[in-house]
Amino acid sequence: MKSKTWTTTIPDDFKKSFEAFLIHLGGCGLLIKKFFSEIRTKPFYFSLLVEQIYLIGVKSLPLIIITALSTGMVMALQYGFGLEKFGGKPYVPRLVASTILREMGPVFTSLMLAARVGAGIASEIGSMVVTQQIDAIRALGTSPIKRIVIPRVLACLISLPILVAICDVVGNLGGLIVGYYELGLDPQFYLRRVLDTSNIQDYAVGLGKSVFFAIFIVVPACYFGLNVKNGTKEVGLATTKAVVTGSLLILIGDFFLSKLFWIFDKWM
Amino acid sequence: MDVIQIKNFKKSFGTNLVHDGVTFDVKKGECLGLVGGSGAGKSVILRSLIGLEQADSGSILINSVDITHMSEKELVEIRKKIAYVFQNGALFDSMTVFDNLAYSLRAHTQLNESQIDDRISVQLDEFGLLSAKLLYPSELSGGMQKRIGLARAIMLGPDIILYDEPTAGLDPYNTIKIQELILRMKSKGVTSILVTHDMPTGIAVCDRFVFLQNKVISEDGQTEELLNKPDSLINQFIKGQIV
Ligand SMILES: Nc1ncnc2c1ncn2[C@@H]1O[C@H](COP(=O)(O)OP(=O)(O)OP(=O)(O)O)[C@@H](O)[C@H]1O
Ligand SMILES: [Mg+2]
């Protein structure tokens, strides 16, 4: 009889998911490696990058603006009514601003992008695999990494920080609107408080996070798309995996990144 | 001279052993028919010839150069010389027919846009598809997509063409068109392998046949010779007696 080792005592399901997790982690790592090795060699498809920035960045603008506006407004409302009894209304601008700049801006923007862009990329690439278009790219002597992965990764890395910056502005604008109409705060006062009390670190943290979040969104999306094997059913599966993985990485990563940036803050 | 040599090629997917020592070669200018039942592994052989699949063991030589262990980068030069005609066309659906055909010219030649335009117009005219130039693949019929797929594959003027079931699912008109195109390429001295279940087309264009069965090549001979031999595997295959 085979002796019992610690591996056989772990439930099989858990072992399988853990194996899958490691395989996907390795796969994403390999994809990143290919990205770096191929981005250094010619040719660079600039027009494909511009196209992706349009599709990923510009086309996400309405979604991000609506998200930011409503988030800012809700936050101002919550803080405003919550602090009212303590006479804390004048602190609303500062609270809203720092929450948006450090947390809500990058996290909500990234989550929305993970849903919109992550899903789009995974399903598009997955369909290209199923219809052999990825094979065709290779068969015609070109590289799917160069033509498909690099433009999408770069476009995400460029677009997300810009979208976060826009979200920062629009979110505070939402706060200001509620501050004026609901809390009776003077808009000029509100604006001055936002500018005076938020420092450059607040912006930097938000933008710094967004660079990581961009990678969390786009790398799994490309990876799961490229690894579609057996037909269209898997395209749906890959899309789900891309969105779930991206969103989880953003939420979990946010904790560690926040911690990391606080340490930097103290340091400086 | 042998342009393509496959020696003792072995390939499996997981536990599914598909090829167990496939060996054959193709001479310069020859059109070889590769036949066998569904799932015998014909497409896998074609894919391996341009490095889309890696052999587990054995070797593949193109013009006496071993490509078996080449990296994607090294394969680029090989792929410029070998055209792969995908079974379903595999056209880029986000691009027009024109951009599909321009793809390899833009990637591998120094031609400017007007020269590319000229070349593509000539090619499409030759294929009788000039009117489709600015359409998207989704606006074309299956037969047209296949012909465009063929046109795209040969834009760079390849030495070798691999056809994967180019006539499957086509009406007689489109089938004849494809046959003519294959014969035209053959008359230009191109070496080719034709994977097909459409035996009339195979017989019309192939000089030689190899029969893939039980994971190996079980028959290899000139078309005439095999057809005249009543108990040849090809004849049994045509009559539906074996797969
Ligand atoms: N990427 C892959 N992963 C797993 N198995 C594969 C893969 N590609 C091919 N196979 C298996 O290899 C075998 C041969 O497939 P192949 O597509 O070469 O057959 P074929 O001879 O071209 O058949 P058909 O005439 O139906 O096109 C099949 O059993 C198939 O399941
Ligand atoms: Mg096949």
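**Exercise 1. Describe how chain A and chain B meet.**

Step 1: start with the polar contacts. Across the interface of chain A and chain B, nine residue pairs are in polar contact (both at pLDDT 80 or more). A polar contact is a pair of N or O atoms within 3.5 Å; within protein, one must be able to donate a hydrogen and the other to accept it, and residues adjacent in sequence count only if both atoms are side-chain atoms.

Step 2: find the main element on the chain A side. Helix α6 (residues 133-139) of chain A gives the most to the side that touches chain B, with six residues. Helices (H or I, at least four residues) and strands (E, at least two) are DSSP runs, numbered from the N terminus.

Step 3: look for salt bridges, where a side-chain nitrogen of Lys or Arg is within 4 Å of a carboxyl oxygen of Asp or Glu. The count between chain A and chain B is two. Arg47(B) and Asp135(A) meet through their side chains in a salt bridge of 2.7 Å, N to O.

A word on the model: it is predicted, so local features need pLDDT of at least 70 and side-chain atom pairs count only at pLDDT 80 or more, while totals for chains, interfaces and linings use all residues. Residues are numbered from 1 along each chain as its sequence is written, chains are lettered from A and ligands numbered from 1 in the order in which they are written, and side-chain values use heavy atoms, with hydrogens and water left out.

**Exercise 2. Which side chains of chain B have polar atoms beside an oxygen atom of ligand 1?**

Step 1: take Ser38(B), where a polar side-chain atom lies 2.6 Å from an oxygen atom of ligand 1.

Step 2: continue with Lys42(B), whose side chain has an N or O atom 2.8 Å from an oxygen atom of ligand 1.

Step 3: finish with Ser43(B), for which the corresponding distance is 2.7 Å.
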